[in-house]
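Here are my notes on the model, point by point. Please read them with the structure open.

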Amino acid sequence: MAQAYMTETGSDGSEPEPSRPGLRRRLSELRRDPGIWRRGIVLAALAVLISLVMILHAELPNDIGNLGSLTETFLPWFGLAVPVLFAAALFRKSATALIAILLTAAVWVNLFGGLVTDKAQAGGNLTVATHNVDADNADPAGTAASVAKAGADVLALTELKGSVVPVYEKALAGTYKYHSVEGTVGLWSKYPLISSKPVDIKMGWTRAMRATVHTPHGDVAAFVAHLPSVRVKLKAGFTANQRDNSADALGAALAAEPLPRVILLGDLNGTVNDRALSEVTSQLRSTQGASGDGFGFSWPAQFPMARIDQILVRGVTPEASWTLPRTGSDHLPIAARVTVKP
């Protein structure tokens, strides 16, 4: 006689559903995979190389095409390699690559994580702004009107073409009672300007100036500078020698400044990470680094990739720093709010 055998089921007698492979099962499968540590060695090596470049960027030589300065200019963008390599490591199912990439992410966060958040604070009794207006700007009047809306007490403009200076003077006259232009740079202020003079940055013509701004909270030495442009050339690399020499001259002028409160505004054609600007950046504090919202990239205006326009201070307290809306220039204007203590 045939006997029927019933499979034991749950209390309701229904068939159990097939179990789905969960995270624990997948991890168990990966642990049993003998190739998980051997695969992705190239990815891991690339991640380690990127980490070393970020950690040891100051050791990269500048003798060959100013490689060190070029790397430091775009150093924050090395973080883009993390998600790309991470996705590749997952695809390859490589634990070795994943660990190396996580270390790369940790290095990037250690270097630049503090720049991602908004560090702005309330307060401040002086607002300053700077803008490279572009000598070929097709709408100088519109550019002047746009930056004037920012409400800055002190405004620095660089790359001023002599024939267009009257346009800026007329457009800004209603907002700023005082102004001074030296060569291709100028300073507009709601407060009196005293002792305005050019600053020699070894270029053969005037692209830097210094003036005392007589604010209600005390005198401030305001420097405006437009350092020489740099170029990336296939045969010559990062051609920045003239910029570097001018930076050294500007650093000497800042070191000789007798006033305790100093603000430097302008286009330095380099980031604060660039060692070639150390004669300047070692003496001053970046408002963006201290109190900015994000990286504050200012160039090129169409797709900003680097902050080469700077507001650097000494003897005043940065409270906030930000970029302003795009104008007819190839740079974005930037602004900062600081506290000047009597």
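1. A convention first: axes are lines fitted to C-alpha atoms, for helices over the stretch in contact, and angles run from 0 to 180 degrees between N-to-C directions. Bear in mind that this is a predicted model.

2. Start with H2 and helix H4 (residues 81-92). Their axes lie 10 Å apart, and the packing angle is about 160 degrees. Angles over 145 degrees count as roughly antiparallel, so H2 is roughly antiparallel to H4. The crossing of H2 past H4 is left-handed.

3. Which residues make the contact between H2 and H4? H2 supplies Leu43, Leu46, Ala47 and Ile50. H4 supplies Ala81, Leu85, Ala88, Ala89 and Arg92. By class, this contact of H2 with H4 has 8 nonpolar residues, no polar ones and 1 charged.

4. Next, H2 (residues 41-55) against helix H5 (residues 95-116). The angle is about 15 degrees, with the axes 8 Å apart. Angles under 35 degrees count as roughly parallel, and H2 and H5 are therefore roughly parallel to each other. Their crossing is left-handed.

5. From H2, the contact with H5 takes in Ile41, Leu43, Ala44, Ala47, Val48, Ile50, Ser51, Met54 and Ile55. From H5 come Thr96, Ala97, Ala100, Ile101, Leu103, Thr104, Val107, Trp108 and Leu111. The residues in this contact of H2 with H5 divide into 15 nonpolar, 3 polar and no charged.

6. Now the cores. The largest nonpolar core has 23 residues. Those with the most contacts inside it are Leu126, Val128, Leu187, Val213, Ile263, Ile311 and Val338. Strands that give two or more residues to this core include S1 (126-132), S4 (185-189), S10 (262-267), S12 (309-314) and S14 (334-339). A second, separate core has 19 residues, among them Phe223, Leu264, Leu268 and Leu312.

7. Ile311 deserves a look. Not counting residues up to four places away in sequence, Ile311 touches Val128, Ala129, Thr130, Ile263, Leu264 and Leu265, among others. Its partners also include Arg285, Ser286, Thr287, Ile334, Ala335 and Ala336.

8. Last, Ser298. Where is Ser298 placed? Ser298 sits in the loop between helix H10 (287-291) and S12. Is Ser298 buried or exposed? Buried means under 20% relative accessible area, and Ser298 has 0%, so Ser298 is buried. Leaving aside neighbours within four places in sequence, Ser298 is in contact with Pro304, Ala306, Arg307, Ile308, Asp309, His331, Leu332 and Ile334.

Conventions: Residues are numbered from 1 along each chain as its sequence is written. This is a predicted model: local features need pLDDT of at least 70, side-chain atom pairs count only at pLDDT 80 or more; totals for chains, interfaces and linings use all residues. Side-chain values use heavy atoms; hydrogens and water are left out. Helices (H or I, at least four residues) and strands (E, at least two) are DSSP runs, numbered from the N terminus. Angles under 35 degrees count as roughly parallel, over 145 as roughly antiparallel, 65 to 115 as roughly perpendicular and the rest as oblique. A crossing is left-handed if the near helix is turned anticlockwise from the far one by less than a right angle, and right-handed if clockwise. Contact means heavy atoms within 4.5 Å. Ala, Val, Leu, Ile, Met, Phe, Trp, Tyr, Cys and Pro count as nonpolar, Asp, Glu, Lys and Arg as charged, and the others, Gly among them, as polar. A nonpolar core is a set of buried Ala, Val, Leu, Ile, Met, Phe, Trp, Tyr and Cys residues joined through side-chain atoms within 4.5 Å. Buried means under 20% relative accessible area, exposed over 50%, partly exposed in between (1.4 Å probe, protein chains only).
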